[in-house]
Amino acid sequence: MSLSENIQAAGVVGSGGAGFPSHVKAQSKVDYVIANGAECEPLLHKDLELLIKEPEAVIKGLKLMMQSTGATKGIIGVKRKYEERLKTLVSALKDQDVQLHWLGDFYPTGDEYILVYETTKRLIPPQGIPLDVGVVVNNVETLRNISLADRKIPVTSKYITVAGAVKHPSTFSVPIGLRYDDAIAAAGGATVPEYAVFVSGIMMGKLESDMTRPITKTCAGLVVLPTDHRLIQRKSLPVESMHRIGKSACDQCSYCTEFCPRYLLGYDVQPHKVMRSLGFTATGEQVWNQWAQLCCSCGLCTLYACPEDLYPKEACDKAKFDLKSAGMKWNGNREVEVHPIYDGRHVPLKQLMGKLGITEFDVPAHFQEKEFSPRQVRLPLLQHVGEPAIPVVKKGQRVKKGEVIAEPAANKLGARIHASIGGTVVAVGLEIIIEQ
Ligand code: SF4
Ligand code: SF4
C-alpha cells in the first residue's frame, strides 16, 4: 500500500485543529514539507511535549511525507525558547536532511501563512494554500500519526494539554472520545467550583460548558477558567450584542488593523473597515466586508489590539460568512508585500497573556504517563474537514480497540474512525458511544 493509502486506512487528519484528511496532502508534489510545532495558543504545550517524548516518530513522519510528495527539503518549525528542552530532537536531527527552524515567541507563529513565510520566505497568494507555493504543512502530531499509519496503527489517541485552573496542569495522551470531565480529573480536577473550558485554546478555540463533550482528533487541549473570568464573560456575549456594541462604540482608531498579523504580512485585511459594515445592510455592507476575506480568525484584534474591548474578529467572521453565502471570492490586490514594520510589531506571548489576564496560569504542563481506562468514549462522526463518516457498527455490537467503526462516505472527503477502547457500542447517531 502507498503512504497515502496507509494514512487513509489509519484515519489520520490534521491534529493541529484543522482536521484536514492527511492522505490528500500525501498525494501532492511539493518542494518543502514543514512540520508545524509552533504551538502559539497560550497555555497549550502538547506539541512541545510530543516533540520531547517522541522526536523520532515526528522525524519519521516528516521523512515519509517528503518521500511521498517528492519534497527535497523538510523543516521543523519550533520556538527557540524551548531549545533547552528540545535537546533530544536537536541531536536526533544530526546528519539528517531535515532542518530545525527556530521561531520567535510571538502570536500567531502557527498560522500557516506566517509559518511558511518565516521558514521559506515564500508568500502564499491571497486565499491560497501552502500548496500554491510548493509547500505542505503538517502539525507535528499529524506527522507522528503518519509514522504510526505506516506501521498500520490507526489513530485512537490524542495528545492534549489540560491547563488553567486545574491542580496539576499536564499533557496526556488520551483515548479519542474521552470526556472533558475525565480529562480534567486526570489533571487533579478544577481548582474553582464553577468553570468553563476553552477547547483547543483561548485565541481560536471554542468555549464549552458541557463537560461530557469528548476529546476529538483535532482537540489540542482544554483551558479551564473560572466562569467569572473576563475571557469567559466576553466570549459568552451573544454575537448580536458584540455587533451591536461595535456598531455604536467603534471610533475607527484602526489599532485592530495595525496589529493584524495578516495585514502586517502584506495581505489586505483591514478589520477597522469591516467594523463599518456593522452600520450598513445589503449592498453597503458588502463593500466593507471584503476587507475581512483574508482574515485567519486569529483573534488578536478582539483579544489584544482593540482598546475599547470590541469584537473586530467576530465582525470579520460574520463578513466572511456573508461573502461565502453570496459566493464572492477575493478580487482585491493579489500582490503581497511584507509590511516594513512586520518584524517590529510582533505580539510576544508573555505580553498577550498579560492582556488576557492568564499570567497566573502560565506554568509548564509536562507530559504525564497515565493509563486511561474510561467507562465510556464518545466518537463524533465528524471530526475532520469533509462529510461525516458512515457508521459500520450497530448498537449492542462488541468492538476491539483499533477496529473500524465508521467509514468515509463514498467519493466524499472524509476520514475513517476507529474504536479508541474495547467495549460495547451503546449508541449510534451523530456520534458512536462505546462503553467498557
Ligand atoms: S481597534 Fe477597536 S475601536 Fe479601534 S477601529 Fe478597531 S474595532 Fe474600532
Ligand atoms: S482575527 Fe483580527 S487580527 Fe486576526 S487575522 Fe483576522 S482581522 Fe487580523
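Is F172 buried or exposed, and what is its relative accessible area? F172 is buried, at a relative accessible area of 1%. The views below are taken from a predicted model.

**View 1. The aromatic pair F172–F372.** F172 belongs to strand β7 (residues 170–175) and F372 to the loop between α17 (349–356) and β12, so the pair ties together parts that are 200 residues apart in sequence. F372 is buried as well, with a relative accessible area of 15%.

**View 2. The aromatic pair F259–Y304.** This edge-to-face pair has a centre-to-centre distance of 5.6 Å and an angle of 80° between the planes. Because F259 lies in helix α11 (residues 255–259) and Y304 in helix α15 (residues 300–305), parts that are 45 residues apart in sequence are tied together. F259 is partly exposed at 25% relative accessibility, whereas Y304 is buried at 12%.

**View 3. Arginines over tyrosine rings.** R262 lies over the face of Y113, 3.6 Å from the ring centre. R234 lies over the face of Y311, at 4.5 Å from the ring centre.

**View 4. Surroundings of H384.** H384 sits in the loop between β12 (376–380) and β13 (390–391) and is buried, with a relative accessible area of 8%. Its side chain reaches the backbone oxygen of E387 at 2.9 Å. Beyond its neighbours within four places in sequence, H384 contacts residues including V13, G19 and G414.

**View 5. The largest nonpolar core.** This core has 49 residues, and M65, I76, I405 and I434 have the most contacts inside it. Helix α4 (residues 55–69) supplies the largest share, six residues.

Technical notes
Residues numbered from 1 in each chain as written. Chains lettered and ligands numbered in written order. Predicted model: local features only at pLDDT ≥ 70, side-chain atom pairs only at ≥ 80, totals over all residues. Heavy atoms only, no water. Helix = DSSP H or I, 4+ residues; strand = E, 2+ residues; numbered from the N terminus. Buried < 20%, exposed > 50% of the residue type's maximum accessible area, 1.4 Å probe, protein only. Polar contact = N/O pair within 3.5 Å; in protein donor to acceptor, adjacent residues only side chain to side chain. Contact = heavy atoms within 4.5 Å. Core = buried A, V, L, I, M, F, W, Y, C linked by side-chain atoms within 4.5 Å. Phe/Tyr/Trp six-rings, centres within 6.5 Å; stacked < 30°, edge-to-face > 60°. Lys NZ or Arg CZ within 6 Å of the ring centre and 35° of its normal.
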